[in-house]
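Have the viewer open and follow along.

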Amino acid sequence: MLVTVRDGVAVRVAPNPAHPVTGKHLCAKVNRYLERVYSPSRVMTPLRRLGPKGEGRFERLSWEAAVDEIAERWEAIAVREGAAAILPYSYCGSMGVLSGLGTMEALFRRLGASDLERTICGGQRLGLTRLVGEMTNDPQSLLEAKLIVAWGYNPVSSSIHTWEIVRAARRRGARLIVVDPYRSRTAQQADAHIAIYPGTDGALALGMLHLILQEGLEDADYVTRYTSGLEELRAHVAAWPPERTAEVTGIEALEVVALARDYATTKPAGILPGVGMQRAYGAGSALRAIQCLPALTGQWRHAAGGIAFAHSFEALRARRLTRTPECPPPPRQLNMLQLGRHLTDPNLRPALRALYVWNSNPALIAPDQRSVIAGLRRDDLFTVVHDQFMTDTARYADIVLPATTMLEQADLTMSWGFNYIQRSEQVIPPIGESKPNSEVARLLAARLGFDEALFQMSDADLLDEALRESPAERAGARRALETQGFVRIEPVKGCTPFAQGGFPSESGRFEFASKAFGRSGLGELPQYLPPAEEPSDHHPLRLLTLKRHHSLNSSYGGSAVLTRAEPQPLVEMHPDDAVARGIEPGERVRVFNDRGSLEYPVSVSRKVKRGTVAAPFGHWGVPGVNVLTSDRLGDIGHGATLCDVAVEVERVASAAARS
Ligand SMILES: Nc1nc2c(c(=O)[nH]1)N[C@H]1C(S)=C(S)[C@@H](COP(=O)(O)OP(=O)(O)OC[C@H]3O[C@@H](n4cnc5c(=O)[nH]c(N)nc54)[C@H](O)[C@@H]3O)O[C@H]1N2
Ligand SMILES: Nc1nc2c(c(=O)[nH]1)N[C@H]1C(S)=C(S)[C@@H](COP(=O)(O)OP(=O)(O)OC[C@H]3O[C@@H](n4cnc5c(=O)[nH]c(N)nc54)[C@H](O)[C@@H]3O)O[C@H]1N2
Ligand SMILES: [Mo]
């Protein structure tokens, strides 16, 4: 991104035409990034709470007083209950090396605080990778594809630069199939939309494997040379004929057959699995079943075959910044999805007494919002929130600290979906008294008496340290980062990593029956694990909680860019389900389950299947959609189950009559 600065004021943001991926346009949100930077709602100074938690009344505080108070409270807690009673909470506010986990993480490790297990986003994929190794190829190769299957992925909204590649491939004749329970913007533009029930992806993949074997569409030569366990797979998927697959997934048997034939016979065909399909209980197993597809069909022979996914996290050894040799092993790990449970658990020893939040807005983004808010309300919990805005979480804080935006701090950032890293320069001075995360880590470390070099380095030195001996540096990144500001990190195994086997297994073969996968405790072959919350009499509808085109999670939830585009969140419902409940289009309805309820106007729509409803995630204000979601962890990698939710919907009028 190029920023034009006049007299110390940023006046324009534009794509950097030199960048091969993001050179054409910025997304709908970042296009208006200056509204964010210069928003009158920025937090300008440190603040201390005045009224009751959640009310949002604060008084101004100096940085010195804020740092003193935080350090004193933490020291007292560490002495009384042990530092395990302190929990850091951060996530995706920034993907920078400094402003992401960075030295804030090192500070909490040094302190001996509880460790946060961060699995809310794609946890299943990461867990699967830990079991069986990385099996992906470069999304940029998809240009050569003849067929692209976007599987629970909505790049038109979530990654417009990936969408750019899909469009270019389609101009060269590729077809696009979207597997998604919702008629997303991407599904609307696809050649085919396979609208399965949420959380039934595993059944679809097993049904495809069955049909491919049944019709002899596998790549027998590839299978013989580079895989093992074919006969076990054949016996295993025999249970998934098209009729059963169709019944479980809620589509037609003919759709299963067509998809499997298409995928097996079109070469190259690339699969783009999204995070969207990793929000149901069985998503880890489903991903494993999907992994079997390119191995069985030999799609891996081609650069555009296989499973496209990339992020450049590993190219930067940012771990150098997140710990020092003096850090003790973390006393315990608490999962971020279960924040509400941990904050309100009467049996947790030691109980949590302090929470420090940066780069995240857990009041809105974490599941089981009712427990999260109950926890944040606790008077015996000392909460600090470092953010650019007075988020719903910050309203419950004892101390709020003002954070800089990416224009006000230097950093190195990774990409989501591409093999690039980029340098991000500070182009304007911090707004108000805001400070970057790295500076807060330095201030707190100094006040706590942690005198390791890491806590004294300048940002420039920290960036240097992050690059030192990293794969990026070995790939010659330093010069390119200095001269052009970004660099592509070539995939270690090239563009066709498994064209001749070389899979990350002991045998080097793709093992359909895999001992490594068996360490999951789920068997050596992928099973279909149904959604944890199947529809019941009380809660007969499946709920999708969806990201917004005009927000980044909850980050733009209070900004004009979202509130203009979507002034009011709506719940989308199929006409048949509305009629069955006497619900008229546009009227207010109550969506509820045993965890909570919210009231939104209804949009009667065929974007959802019969039996499924959808509500948006990310608008500001409590209750939000996460009042309905569960903190249950998924089958692999402790991933989220945010779209594995059963609810009922009723007219607000009838709810009132009953009570
Ligand atoms: N505009 C915008 N862009 C974003 C974000 C944002 O909030 N807004 N967030 C960023 C982040 S943090 C992430 S992780 C990425 C995620 O981006 P994606 O990987 O595209 O994931 P989502 O947009 O969450 O979901 C994609 C689709 O998955 C579908 N889906 C839900 N459940 C299932 C299921 O069980 N099976 C299948 N097959 N599909 C399912 C949803 O209906 C949705 O249309 O986007 C990033 N980009
Ligand atoms: N129901 C439901 N829940 C979901 C999802 C869903 O699809 N449905 N998606 C899940 C996913 S995939 C993800 S990744 C999570 C995202 O959860 P979060 O990572 O918590 O995402 P945001 O809501 O964007 O909150 C980020 C916060 O960081 C702040 N911030 C930005 N830059 C900085 C900085 O440099 N320093 C500091 N201190 N703060 C900064 C922003 O102002 C913002 O308030 O949400 C998850 N929750
Ligand atoms: Mo995410």
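## Before you start

Keep in mind that this is a predicted model.

## Around ligand 1

Which residues come nearest to ligand 1? There are 31 residues around this ligand, and Asp180, Asp201, Arg279, Ser551 and Asn553 are the ones that come nearest. Two secondary-structure elements, α5 (155-158) and β20 (541-546), each put at least two residues into the shell.

Now for the polar atoms. The side chain of Asp180 has an N or O atom 2.5 Å from an oxygen atom of ligand 1. Ser158 brings a polar side-chain atom to 2.7 Å from an oxygen atom of the ligand. With Asn553 it's the backbone that matters: one of its N or O atoms sits 2.7 Å from an oxygen atom of ligand 1. On its own, ligand 1 has 920 Å² of accessible area, and the protein covers 95% of it.

## Around ligand 2

Ligand 2 also has 31 residues around it, and here Cys92, Ser360, Asp387, Ser554 and Ser555 come nearest. A polar backbone atom of Cys92 is 2.7 Å from an oxygen atom of the ligand, and a polar backbone atom of Leu552 is 3.3 Å from an oxygen atom of ligand 2. Asn359 uses its side chain, with an N or O atom 3.1 Å from a nitrogen atom of ligand 2. How much of ligand 2 does the protein bury? Taken alone the ligand exposes 930 Å², and 98% of that is buried by the protein.

Is Leu541 buried or exposed? Its relative accessibility is 2%, so it counts as buried. Leaving out neighbours within four places in sequence, Leu541 has quite a list of contacts, among them Met573, Asp577, Arg581, Gly611, Val613 and Val645.

Next, have a look at Cys292, in helix α13 (residues 283-297). Cys292 counts as buried because its relative accessibility is 0%. Beyond its neighbours within four places in sequence, Cys292 touches Leu209, Phe510, Phe512 and Pro526. Leu525 is 233 residues away along the chain, yet its C-alpha atom is separated from that of Cys292 by 9.8 Å. Then there's Glu164, in helix α6 (residues 160-171). At 14% relative accessibility, Glu164 is under the 20% cut-off, so it counts as buried too. Setting aside neighbours within four places in sequence, Glu164 is in contact with Lys24 and His25.

## A nonpolar patch outside

On the surface, Val9, Val11 and Tyr38 make up a nonpolar patch, with about 220 Å² of accessible area together. Val9 belongs to strand β2 (residues 9-14) and is partly exposed, with a relative accessible area of 38%.

## Salt bridges

Side chains of opposite charge can pair when their charged atoms come close. How many salt bridges turn up in the whole structure? The search finds 50. Glu59 and Arg48 make one, at 3.0 Å from N to O. This pair links distant parts of the chain, with Glu59 in strand β4 (residues 58-60) and Arg48 in strand β3 (residues 47-49), 11 residues apart. Glu59 is partly exposed at 31%, and Arg48 is partly exposed at 28%.

Glu215 pairs with Arg261, their closest N and O atoms being 2.8 Å apart. Glu215 sits in the loop between α8 (201-214) and α9 (220-226) and Arg261 in helix α12 (residues 253-265), so the bridge ties together parts 46 residues apart in sequence. Asp459 and Arg442 form another salt bridge, with the closest N and O atoms 3.0 Å apart. Because Asp459 is in helix α19 (residues 459-467) and Arg442 in helix α18 (residues 437-448), this pair ties together parts 17 residues apart in sequence. Asp459 counts as buried at 18% relative accessibility, and Arg442 counts as buried at 17%. Finally, salt bridges with shared partners join Arg80, Glu81, Arg353, Arg378 and Asp380 into one network.

How values were computed. Residues are numbered from 1 along each chain as its sequence is written. Chains are lettered from A and ligands numbered from 1 in the order in which they are written. This is a predicted model: local features need pLDDT of at least 70, side-chain atom pairs count only at pLDDT 80 or more; totals for chains, interfaces and linings use all residues. Side-chain values use heavy atoms; hydrogens and water are left out. Helices (H or I, at least four residues) and strands (E, at least two) are DSSP runs, numbered from the N terminus. Buried means under 20% relative accessible area, exposed over 50%, partly exposed in between (1.4 Å probe, protein chains only). Contact means heavy atoms within 4.5 Å. Patches are made of residues with over 30% relative accessible area and no salt bridge: like charges are joined within 9 Å, nonpolar side chains (Val, Leu, Ile, Met, Phe, Trp, Tyr) within 5 Å. Accessible areas come from the Shrake-Rupley method with a 1.4 Å probe; for residues, only the protein chains shown count as cover. A salt bridge is a side-chain nitrogen of Lys or Arg within 4 Å of a carboxyl oxygen of Asp or Glu. A residue is near a molecule or strand if one of its heavy atoms lies within 4 Å of it. A polar contact is a pair of N or O atoms within 3.5 Å; within protein, one must be able to donate a hydrogen and the other to accept it, and residues adjacent in sequence count only if both atoms are side-chain atoms.
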